Amino acid sequence: MRQQQIQKLKANQAKTKVEGAKLLQKLMATTEWQNAKSIATTVSSPIEVPTPIIVEAARKEGKKVYLPKTMPHRQMAFLPFASREDLITSKFGIPEPAYDETLVNQEPDLVIVPGLAFAEDSNYRVGFGGGYYDRFLAQYSGSTVALVPSAMHFATADWEIEDYDVKIQKLILVD
């Protein structure tokens with residue numbers, strides 16, 4: 001399912017980018033966004049909702065932005081984002097902040113959770129397969145949202161939901 005979905009997302013890149021701007025507007029209208037002083041997001045790949053516009057919107061509103069750094073044992077640490085130039089490419093090819101234990105924030109006010117597919121009826125997702133977000137979310141007590149373009153939107157999960165899968169609190173849909 002994951003590989004099929006990646007192919008579908010590759011075919012829908014242009015549409016996802018356009019829908020990303022609409023999803024950002026909907027996100028900014030939520031109380032979760034409005035109440036958040038700090039947000040965590042990712043550095044998006046071309047098949048995902050573009051996150052540079054999210055980072056820019058957050059910074060314009062004076063919110064602190066955190067990005068994940070992959071750690072041993074499939075863990076993540078969220079570190080402040082300063083500039084694109086400060087990011088280091090991980091072994092997965094993803095730009096990440098440099099690790100500094102004194103700057104880690106595992107409780108940002110709002111986490112924007114990435115994924116490949118989201119089920120509207122249950123708020124479960126298919127991630128990229130490493131389990132990093134499910135491990136993090138199992139310990140996280142703040143707000144979670146996912147921005148769901150049409151290519152990632154499923155009415156119901158047509159994939160197996162595992163015991164360790166963590167529901168996203170709010171899915172923001174295009175329509």
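Colleague: How much space lies in the largest cavity?
Modeller: This is a predicted model, in which local features need pLDDT of at least 70 and side-chain atom pairs count only at pLDDT 80 or more, while totals for chains, interfaces and linings use all residues. Residues are numbered from 1 along each chain as its sequence is written, and side-chain values use heavy atoms, without hydrogens or water. A cavity is a set of points on a 1 Å grid over the protein atoms alone where a 1.4 Å probe fits but cannot get out; its volume is the space filled by probe spheres set on the points, which are joined across faces, edges and corners. For the largest cavity, this space is about 130 Å³.

Colleague: Which residues that line the largest cavity are the closest to its centre?
Modeller: A lining residue has an atom within 4 Å of a cavity point. The lining of the largest cavity has 13 residues. The closest to the centre are E48, V49, V113, P114 and L147.

Colleague: Is T16 buried or exposed?
Modeller: The relative accessible area of T16 is 1%. With a 1.4 Å probe and protein chains only, a residue under 20% is buried, one over 50% is exposed, and one in between is partly exposed. T16 is therefore buried.

Colleague: Which residues does T16 touch, not counting those up to four places away in sequence?
Modeller: Contact means heavy atoms within 4.5 Å. With residues up to four places away in sequence left out, T16 touches I47, E48, V49, P50, P149 and A151.

Colleague: With which residues is L171 in contact, leaving aside its neighbours within four places in sequence?
Modeller: The neighbours of L171 within four places in sequence are set aside here. The contacts of L171 are then F118, A119, E120, N123, A146 and V148.

Colleague: How many cavities of 30 Å³ or more does the count come to?
Modeller: The rule for the count is the one given for a cavity, with a limit of 30 Å³ or more. The count comes to one.

Terms used. 1 Å grid on protein atoms, 1.4 Å probe; cavity = no way out; pocket = protein on both sides within 12 Å on 5 of 7 lines; lining within 4 Å.
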